[in-house]
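Trainee: I would like to learn how to read an interface and a ligand site. Could you walk me through an example?

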Amino acid sequence: MKALLLHELRSVLAAFRRRPLVPFIATSMLALGFAANVAVFTVISRTLLRPLPYARAERIVVPTLTFIGPGQAEDPGPAGSVELVQWKLRSRVFTAIEGVRDVYMTLRDRGEPQGIAGSTVTGGIFRLFGVRPIVGRDFAPEDDVPNARVVILSHGCWQRRFGGDANAIGRTIFLDGKPMEIIGVMPRGFEIATVDRQPEIFVPAGFSLANMPTPTSRGYHVFGRLRDGATLQQGRGELRRITADLGREYPATEQRLSADVQDLREAGFGKQRHALLVLWLMVAVVYVLACVNVASLLSAQIADERGITALRLVFGAGRWEIVRYRLLQTLITTLAGAVAGYALGRLVLRVVLANVADPKLTNPVEHVWVMPLFLLAVSLVTGIAVGLVPALRETRTRLTSALSEQSTRMSSSVRATRLREAFIVTEVALAVPLLLATAATIHQFRALQQTPLGFDTRNVLISQIVVSPKYDKVARARFARELIRRIEAMPGVETASTTTCFFTPGNTMTTSVGSDRLPEPMSVNLRRITPHYFRAMRMPLVAGRAFTDGDGVDAPPVVIISASLAKRLYPNENALGKRVLRAPPAAPATIVGIAPDVYDEGASVELQPTYYSPYLQTNNIYITIVVKTKVDPLTLREPVRRAVWSLDRDVTPSNEAALADLMHDAIGNERLQMQMLTGFGLVALLLATVGIYGMTSYAVASRTREIGVRLAFGATPRDVIREIVGRAVRSVSIGLLAGALLSLVVQRVASALIYAGAKLEWQSVVAIGAVLFAAALVAAAVPSMRTRAVQPVWLLREGN
Amino acid sequence: MPLIELNHVSKIFQTEEVETHVLSGVDLAIERGEYVSIAGPSGCGKSTLLSILGLLDVPTSGEYLFDGRRLDQLSLLELAQIRNQKIGFIFQSFNLIGDLSVAENVALPLLYRRVATADRDAAVAEALYRVGMGHRAKHYPSQLSGGQQQRVAVARAIVGKPPVLLADEPTGNLDSKNGAAVMALIHDLHAGGATICMVTHDPRYAEHADRTVHLFDGNLADRDGVLHGVGSAS
Ligand SMILES: Nc1ncnc2c1ncn2[C@@H]1O[C@H](COP(=O)(O)OP(=O)(O)OP(=O)(O)O)[C@@H](O)[C@H]1O
Ligand SMILES: [Mg+2]
């Protein structure tokens, strides 16, 4: 028994060696399918399936603050200190509610000051996550006070900046010029789930009921731990109640607010999930396409060997032996495909992730063996699925007819022809929705890329600073004015300004405003700018004037609003000179200018009504410097740094970049998704084309004798070509039709998933149809041309 | 002028450095309306000769005139037209098309003659009836016995009433009753003026022919076994 199996294994391998092309093609196609799956499943396992590094993570939820706009639903956003403290205080459903807020800080240890991604946290945050520092200690209640003097480092920060030295504990460093003591280091892999840029350093926020920072300073990522037995819905209900109460108690700042509570995973990966599911769907189809190709190759081979199989059966081979032979054949092929696909997939992943900064994606969390085991399982299942059915059918070969086909030289049977056509139809039908989705995505991305942003990105340097909190409002205004004066005096600079926009998606400052016509306040983007902003950005004002140095602290409050905001605040009226009502205690401001609408967070973020306020009048500590240059903007990076340091050694510019690069990166996620989709789309197209070509040329080859017969009875070569090509065209047409129907169904069922608003264009449909037709036409035409060159009798003899 | 005229026709198969001389300098003339039977031992080249006569293959050397026209002067299209309108072929190994039904197989020559569907169906039905296969029109070849397949092949050859019928052992798989029926068909065709050229081993059927030519070692001999370098008229 064992000897027989070995013998069969050897004969399968010998057959591969004799005719290596078919197994090679089959293995390559499976490898492509596997590689796509390896790449996407790795990404999925590192995001959607990522184990969250927290104790009892399923009890942790993410409360957010929502804004009840007039007739418009607003996205949930970060909460403010007031809500955070009150939720914490009043909640019964949660055992803990804590918050984290990103802050740019300047760290000075021994050498030059450096910009650092920091965060202010409420003291119990690490206890909420159930994670303790690996070195030193956690924040104690007495640490979480105003002007706290202690910090905890992330593991990465400890390694990079302090060499992983345990003596770093107790050391004093300077954060924004203030001395702070390092008391602990978080473990490796600790992360704050919902935050894109993980903080390197944690500082206690130090606020309480008695000591509340500016009420409108929102920006806290809030986490809550549900009491045992409490549900997310209960948590949501409770926070909504508390927030509604706050609206009554603090009508000035807390009105029109509500709360939402999300699952931790949902909050962390909800946005990526959509894209990943699309990718997953694509690779699944790509894999099925590869399997269809392999199945069709196998069935072609079985058909070829029909007579031999019949003879084997006649001479005593058992059915099980026939089946086992085929299963061995397919299993070896699928396993080889899995191995090659694994290697290829890792390679693809390395290339794709090379320019992805997200540490979540680049750090493996999956066990080394997960993917190989998964592939092993899939390849076994595939091998059996693909091999078993044809093998079983093979054993049911009607011996007499198989033998009589052999002996009387009948050309291919009806069943074989139908099967071949079915394979082609399936290939095309599966490929079409995939290719349409790809085309739609490319189209959508192209549109995104070509969106006119509304400003000129060329020759603009962007640099971010955090003005030292020791400055008051007047000092900050003076600092900004002096900084711009110094930068504008530098050679190579055309003009310069500051803003509070970060020029990255999803990272924006908002406020709420109203007007005499719109008493209900609405949420708008807030940009605090210095006078030359519109000149530096090349944004021609629609009406009115830009700010001047005269719009200072003591001057009457003025604003510039975007055209869309003007339309909302004063519909059908000239807004110029009218009032904008702002959240108290701010007094109403006069509209002095109307600015064009722009995509200043990148083309992927929808246009938002925007409100520009003079930095010199109302300011904050975050400043983005915008320098319009006459030279390559990055060459001015060092000079701008020196200009900042000439004013304050403790302020460090960070995230310096050319505006054009920022706008390019702003659609980076969409680009990555588009690239991956395009990659898989191309693989699918390749597989479908190879499949159609292979099946068609095989079909033609197995009809050689038939062609000879037709010629003998008077068919002209043109008749023959028309007949063969006609059949190929018919199969592909049926496939295209089925594919189009399938696309409609898929679009109906999963429109949000696949097409995400992108329209299918008839051009793509035609182009895809043309490529698939071309594959079939070439595959059919090339061999049928041969009929012109040889004598019919050869065709009669040659066919089997 | 003979309908079919072979002058010094040779056929050499070149396979893996072995040259097989199948026909060497065959001279043969067949008159319009003649009924010729070809005999000879297995492997002597009967089928090869028939494919050359049927314009399915070309001689290695020598000259073939069909209806007074030299074969090598005809275009592919003209060859196809002659095969379609002038010649009916019964292959030794039937050569039915597996994924066409019996009726579709038989209709093939008429299809390429662009005969209207109704006429075609009638002709097919009649041809099948005459070979006793009328009840099997919708079957596929693999569902038929060897003899039945052969009868379908005969029906396909005669359906268009070709002026020339080339038959390669048309009764090889048939019992005497069916064999006789097929021979009667061929006889009728001949009576209608067609030229018949038939390979057969069966002396009874060879009797039907006006003359029999024998193939030996690639050359023709007459009935008495005397070698003829030049084709023999009766
Ligand atoms: N394509 C080919 N290549 C090489 N040799 C060939 C080819 N076709 C035929 N032959 C050889 O030519 C010879 C004659 O073959 P052919 O089929 O004409 O014989 P036949 O007289 O019809 O025999 P049978 O009575 O057995 O049908 C044989 O020896 C055969 O091997
Ligand atoms: Mg023969």
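Trainee: How many residue pairs are in polar contact across the interface of chain A and chain B?

Mentor: Glad you asked! A polar contact is a pair of N or O atoms within 3.5 Å; within protein, one must be able to donate a hydrogen and the other to accept it, and residues adjacent in sequence count only if both atoms are side-chain atoms. Here the rule finds 5 residue pairs, both partners being at pLDDT 80 or more. Bear in mind that this is a predicted model, where local features need pLDDT of at least 70, side-chain atom pairs count only at pLDDT 80 or more, and totals for chains, interfaces and linings use all residues. Residues are numbered from 1 along each chain as its sequence is written, chains are lettered from A and ligands numbered from 1 in the order in which they are written, and side-chain values use heavy atoms, leaving out hydrogens and water.

Trainee: Which residues form the salt bridge between the chains?

Mentor: Look for a side-chain nitrogen of Lys or Arg within 4 Å of a carboxyl oxygen of Asp or Glu. The count between chain A and chain B is 1: A:D719 pairs with B:R114, their closest N and O atoms being 2.9 Å apart.

Trainee: What is the area buried between chain A and chain B?

Mentor: The size of an interface is often given as the accessible area lost when the parts come together. That loss is computed with a 1.4 Å probe and summed over both parts. For chains A and B the buried area is about 2,800 Å², with carbon and sulfur atoms giving 60%.

Trainee: Why is the site of ligand 1 described as shared?

Mentor: Residues count as near if one of their heavy atoms lies within 4 Å of the molecule. Ligand 1 is surrounded by residues from chains A and B, so the site is shared between chains. The shell has 15 residues, and B:S42, B:K46, B:S47, B:T48 and B:Q92 are the closest.

Trainee: Where are the polar atoms placed around the oxygen atoms of ligand 1?

Mentor: A polar side-chain atom of B:T48 lies 2.5 Å from a ligand oxygen, and one of B:S47 lies 2.6 Å from a ligand oxygen. From B:C44, a backbone N or O atom lies 3.3 Å from an oxygen of ligand 1.

Notes: Buried area is the accessible area (1.4 Å probe) that two parts lose on being put together, summed over both.
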